[in-house]
Structure formats: C-alpha cells, structure tokens
Amino acid sequence: MFQKEKTEAVVLSRQFLGEADSQFILLTNQFGKLRAVARGERKILSKMRGGLGLFSWSEVELVRGYRQPIITAARPKMLFSNLSRDWSKFVIAQRMSRDIEALTPWDLPDENAWFFYLGALNALNLIKSHYQRLYYYFLWTLINSWGYQIDLHHCARCGGQLQSEICFLVAEEGIICANCWKANDQSEEISPNTIKILRLIASKDKTRLGRIRTSSADRKNLEKASRFFIDSIRTDQDLSSVN
Ligand SMILES: [Zn+2]
C-alpha cells in the first residue's frame, strides 16, 4: 500500500506546519501537481533542505499511500539560484509558479507544462532584461498549448479584420470590434499594442517581441487583459469539474 516513488519536481509553494514540518505544492513530471509533506524538513540538519527551495528543480522521493504523499528525500538537480538572488526575477518566478499552481489540475501529469515551466525558469535565471515579456510569453504560450486560442486578427462576431483601435476581450468569445461590442458584454478593453504583443507571442517571434516598444499604459492593459482571460478560463474549468 505504501509505495516509494521517485520523481522530478519543482516547488511551486510551501507552507510551514508545526515546528519543523512543511507542506509543499509541487509540480512533478510523473504525477503532475501534488501536495506533499516533508517531516522535519526545517531542522538545521535535515538532508532535504537543499532540495526543497522555491523554484528549485530536484529529484524527490515520495511515499504515497498516506492521505498526503510524504517526501523522504530531495536532491537538487538545478537550483536556478539567480531567481532567489535577484528580487525582480524572484517576483516573475513567483508569478509563473502561481499561474502553474492555479491553472493545472491536481494529480494529472502534463509533460508539456512540465518542460515549458522548467524552460521558463531556466531562461529567467539566465536572461539580463525583458523579464516581464518572458512572463507573458510563458503565460500565453502555456494557455495556447491547452487549446485556448483566440483569433487575434478578426472580430469574433462580425469576422471583420481588427483595425488598430481599442477592442474588447469577451469571455468565451474572443476579441470583439468596437462596432460589435455591447455595453452589457462581460468584457475587458484590449489595446492595439496588447493585440500586437499577443500576435508576436502566438507566432513565437521572440526577436520582435524583444524589440517592441511599450508604454506603461500598454503594460497595464496587457496585464489586465491577461488576468481577464485567465479568469474566464478558470471559470470554465470550475464549471467543467462540476458537470
Ligand atoms: Zn465586429
């Protein structure tokens, strides 16, 4: 009943339990996202300490069969140490990890999400600038890989070519032109530059994505539109898990 299993894992988040234990949410290559407990992990002499830092990529031994899997060993494979040294990188790594935690289902391995998340942590660890862009590249490519794609060239209602004007992102439909938009639509404004950035991400054009100039209003809009879209996906997922 109690099986010992090895998997590769990244710590998405952690919570202290009692005096020396910790509970982790891990993304693993074998089992997908899971909750696991490490007993005595916070003791100074614990062998697991080095392998269970936030965002570190480790080989983990788990005993499954209890209510929650128990971590019995953790050996670091790659620490991505710049992510904890550089505050602005840390913030982006934390956002990526929160999105992975929020958007991936429990106990369902997803090889694509695993490699993509590891690759994004590795890139963030190495790059010298454009952290925000890497974040949105990560986020939208991940969402697209799950089949949530929006037409970035045509209005979802009239089919007309999107002009360079403010349009509207409508939940469950996509981008709607100003003519088709109705005041009672559940929507968020989406600016021409946000649409341009999303097109570069969709075409994986990292060179032009690195060069595009953005204002602070553009960056705010990209963030708002991204959150709006993610919230509509999460509602969709919640509904499908109820049915
Ligand atoms: Zn239209």
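User: Let's say a residue is buried if 20 or more other C-beta atoms lie within 10 Å of its own, exposed if 12 or fewer, and partly exposed in between, with C-beta atoms placed from the backbone. What percentage of the 243 residues in the chain is buried?

Analyst: Keep in mind that this is a predicted model: local features need pLDDT of at least 70, side-chain atom pairs count only at pLDDT 80 or more, and totals for chains, interfaces and linings use all residues. Residues are numbered from 1 along each chain as its sequence is written. Of the 243 residues in this chain, the buried share is 29%.

User: How many helices and strands are there in the chain?

Analyst: Helices (H or I, at least four residues) and strands (E, at least two) are DSSP runs, numbered from the N terminus. On that basis, the chain has seven helices and eight strands.

User: How far apart are the centres of domain 1 and domain 2?

Analyst: The split into domain 1 (3–78) and domain 2 (129–242) has bounds from an automatic or database domain assignment. The C-alpha atoms of the whole chain fill a box of roughly 65 × 45 × 30 Å along the principal axes. Taken over C-alpha atoms, the two domain centres are separated by 35 Å.

User: Of the contacts with a separation of 6 or more, what percentage joins residues 24 or more positions apart?

Analyst: Two residues are in contact if their C-beta atoms, placed from the backbone, lie within 7 Å. Among contacts in the chain with a separation of 6 or more, the share from residues 24 or more positions apart is 51%.

User: How do α2 and α3 run relative to each other, roughly parallel or roughly antiparallel?

Analyst: Axes are lines fitted to C-alpha atoms, for helices over the stretch in contact, and angles run from 0 to 180 degrees between N-to-C directions. Angles under 35 degrees count as roughly parallel, over 145 as roughly antiparallel, 65 to 115 as roughly perpendicular and the rest as oblique. The axes of α2 and α3 lie 10 Å apart, at an angle of about 175°. So this pair is roughly antiparallel.

User: How many charged residues are in the contact of α2 with α3?

Analyst: On the α2 side are Lys-89, Ile-92, Ala-93, Met-96 and Ile-100, facing Ala-113, Tyr-117, Ala-120, Leu-121 and Leu-124 in α3. Ala, Val, Leu, Ile, Met, Phe, Trp, Tyr, Cys and Pro count as nonpolar, Asp, Glu, Lys and Arg as charged, and the others, Gly among them, as polar. Sorted that way, the contact of α2 with α3 has nine nonpolar residues, no polar ones, and a charged count of one.

User: And how many polar residues are in the contact of α3 with α4?

Analyst: α3 and α4 pack with axes 11 Å apart at about 175°, so they too are roughly antiparallel. Here Asn-112, Ala-113, Phe-116, Ala-120, Ala-123 and Leu-124 in α3 meet Tyr-131, Leu-134, Phe-138, Thr-141, Leu-142 and Ser-145 in α4. By class, the contact of α3 with α4 has nine nonpolar residues, no charged ones, and a polar count of three.

User: Is the crossing of α4 and α5 left-handed or right-handed?

Analyst: The axes of α4 and α5 (residues 192–202) come within 10 Å and cross at roughly 65°, so the two helices are roughly perpendicular. Tyr-136, Tyr-137, Trp-140, Thr-141 and Asn-144 in α4 meet Ile-197, Leu-198, Ile-201 and Ala-202 in α5. A crossing is left-handed if the near helix is turned anticlockwise from the far one by less than a right angle, and right-handed if clockwise. For α4 and α5, the crossing is right-handed.

User: What is the phi of Asp-107?

Analyst: Most residues other than glycine have a negative phi. Asp-107 sits in the loop between α2 (87–103) and α3 (111–126), and counts as exposed because it has 10 C-beta neighbours inside 10 Å. Although it is not a glycine, Asp-107 has a positive phi of about 55°.

User: Where is His-130 found?

Analyst: His-130 is another non-glycine residue with a positive phi, about 60°. With 13 other C-beta atoms within 10 Å, it is partly exposed. Its place is the loop between α3 and α4 (131–145).

User: Which strand holds Ser-22?

Analyst: Ser-22 has 22 other C-beta atoms within 10 Å, so it is buried. Beyond residues up to four places away in sequence, its contacts include Phe-16, Leu-17 and Ala-38. The strand that holds Ser-22 is β2 (residues 21–28).
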